[in-house]
Each structure stands twice: as C-alpha cells, then as structure tokens.
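Thanks for making the time this morning. I would like to take you through one structure, and please keep the sequence and the coordinates open while I talk.

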Amino acid sequence: MNVVKRILLAVALPLILFAGWYFLSAGSESFYSPPLEKILVAFGDTWSLDRLRADVVPSLLRLFAGYLLAALIGIGAGVAIGMNRRLRATVEPVLEFFRAIPPPVLVPVIMLFAGIGDAMKVIVIVFGCIWPILLNTVEGVRAVDSVVLETARSYGVNGVARITKVILPSAGPQIAAGLRQALSIAIILMVISEMFAASNGLGFTIVQFQRSFAIPEMWSGIILLGLLGFVLSLLFRLAERRALRWYEGLRAAQRQS
C-alpha cells in the first residue's frame, strides 16, 4: 500500500500539470504555442523506433559514458584529496577555479582539441559532472567519524580495505548527493553539446525542428527529454536506496526514537 501511495504522489502533480496544459492550450492558434493535443499527435508520429535508435540511443550512450567517467574520476580523486590534508590544501584553489567555469563556455575550446565527434561531447559532460561528485566526495571523506577510523586501525583494517570497508560506506550518503546533482547536469550538457556541430542526438534533433519551424515536433522532443530525465532520476533513486539501505534504516530508526 505504501508503494501505491508513493507512486500516486510521484505522478499526481505531473498529471495535474499536463491536464492544465491540455485544457488551457486547447483551441490555441499561436504558431509557437500549439495545443498539447497537436503536440502529442506529433510525439507519436515523430518518435518512432527508428528515430529513437538514430537519435535517442546515441545521446544516452554519450550521457552514460561521460557520467560514469566523471563518477570514477570524481570519487577516486575525492577520496585521495579527502584523506590527505596537505594535498587538499594544495589543490583546493585550483578546484574552485575550474568549478566556477561554466562547461558550455568550454565547448568551442574542447572542439579545437577533440574535434566535433563523440569525444568532444563526452568530455563536456565529464567536465561539468566531475565537480559536484568530487567536492561532495571530499567533504564526505572528511566527515568520517575519527572514532570509526581509529577503531578500524586498531583492528588492522588498513590500505584498500580501509577505503572500501570504512571510508566509502561512511561517505556514501554525501557521494550519492553529488552523483544525484551530476546526473541532472549531465542531461543538460548532453543536450548542449549536441547543439554544436552534431549530426544526431536529441539536442541536435530539437534544434533542427526549431530551425525548420516544425514547432509541434520541437515541443515533442522537449517532452521526451523531460521524460528521460524523470526516468533516469527514478532509476537513480532506486539504485541509491538499494546501495544505502543501512543509511535509510538508520534514519528511520532515528525518526522513531
């Protein structure tokens, strides 16, 4: 029953918003704001299996490649920096400098070195996603209870085992927060990178619809992008809840006490 309530709460507001959009836009004669009914018809006509394979699948592959690479680099570097005070003091100013640079600004620069292929798009996603993961990992590692670390040391838990069995689980909730932030950034950068010198992808297709004044099709691509973001966010929440079951149980116990 709880699962049914959660599903209803998750879909209630989107359904209300779509219903409001449907009725408020009914009868609209604006070229740029067509009725939702017309957009939904265009959605079904446009996003066939062939179109999904040609445009959506490449976008998702770039998204996952950039996101996973950013996660590996961000968590690995974050653990090393968080565990070493001198290293953290050395690299922190540089990290803050690069974190402040908007990734879309670097697209033309990255194109000079990586070309206009998939490598450029993946690098843009990596550069934008790595910072929330890295900084949250550093803070999560720094926040590990010193008593836990001393206890592990007294039991001979050192080296790689100390990182995998003590530090990463303790920093897990904050690392997950960084990964959650990076996922939304990855989706945005996926679309932006495909608007520059691309030949396929969801961002490329939406821009092509806009340039050819296929407005209902353009809106259908935006809706598809929102649906993809919703599904990816839902899958992340399920994975996060499974990986951090101990943390969810601890929070539930604290609420009951």
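Predicted model: local features only at pLDDT ≥ 70, side-chain atom pairs only at ≥ 80, totals over all residues.

Residues are numbered from 1 along each chain as its sequence is written, and side-chain values use heavy atoms, with hydrogens and water left out.

Let me begin with the annotations, which come from UniProt, are given in the numbering used here with shortened feature names, and may be inferred rather than shown by experiment. The unreviewed entry places "domain: ABC transmembrane type-1" at residues 56-240, and in the model that span is 85% helix and 0% strand, with its end C-alpha atoms 25 Å apart. Helices here are DSSP runs of H or I with at least four residues, strands are runs of E with at least two, and both are numbered from the N terminus. The unreviewed entry also lists "transmembrane region" at several spans, including residues 7-24 and 105-134. Residues 7-24 are 100% helix and 0% strand, with 26 Å between the end C-alpha atoms, while residues 105-134 are 83% helix and 0% strand, with their end C-alpha atoms 21 Å apart.

Now to helix H3, residues 49-83, whose 35 residues reach 48 Å from the first C-alpha to the last, close to the expected 51 Å, the expected span being 1.5 Å times one less than the number of residues. H3 bends by about 35° at Val 56, and Pro 58 follows within four residues; the bend is the angle between axes fitted to the seven residues ending at a residue and the seven starting there.

How many salt bridges does the structure hold? There are eight, where a salt bridge requires a side-chain nitrogen of Lys or Arg within 4 Å of a carboxyl oxygen of Asp or Glu. Within H3, Arg 51 and Asp 55 lie four residues apart, about one turn of the helix, and their side chains meet in a salt bridge at 3.4 Å, N to O. For accessibility, buried means under 20% relative accessible area, exposed over 50% and partly exposed in between, with a 1.4 Å probe and protein chains only. Arg 51 is partly exposed at 29%, whereas Asp 55 is buried at 6%.

Glu 194 forms a salt bridge with Arg 62, with the closest N and O atoms 2.8 Å apart. That pair links distant parts of the chain, Glu 194 being in helix H8 (residues 159-194) and Arg 62 in helix H3, 132 residues apart. Glu 194 counts as buried because its relative accessibility is 0%, and Arg 62 is buried too, at 6%.

The side chains of Glu 240 and Arg 180 meet in a salt bridge at 2.3 Å, N to O. Glu 240 lies in helix H10 (residues 215-243) and Arg 180 in helix H8, so this pair ties together parts that are 60 residues apart in sequence. Glu 240 is buried at 15%, and Arg 180 is partly exposed at 39%. Salt bridges that share partners also join Arg 62, Asp 118 and Glu 194 into one network.

Finally, the surface: Val 4, Ile 7, Leu 8, Val 11 and Leu 15 form a nonpolar patch with about 440 Å² of accessible area together. Leu 15, found in helix H1 (residues 2-25), counts as exposed because its relative accessibility is 57%. Patches take residues with over 30% relative accessible area and no salt bridge, joining like charges within 9 Å and nonpolar side chains (Val, Leu, Ile, Met, Phe, Trp, Tyr) within 5 Å. The areas come from the Shrake-Rupley method with a 1.4 Å probe, and for residues only the protein chains shown count as cover.
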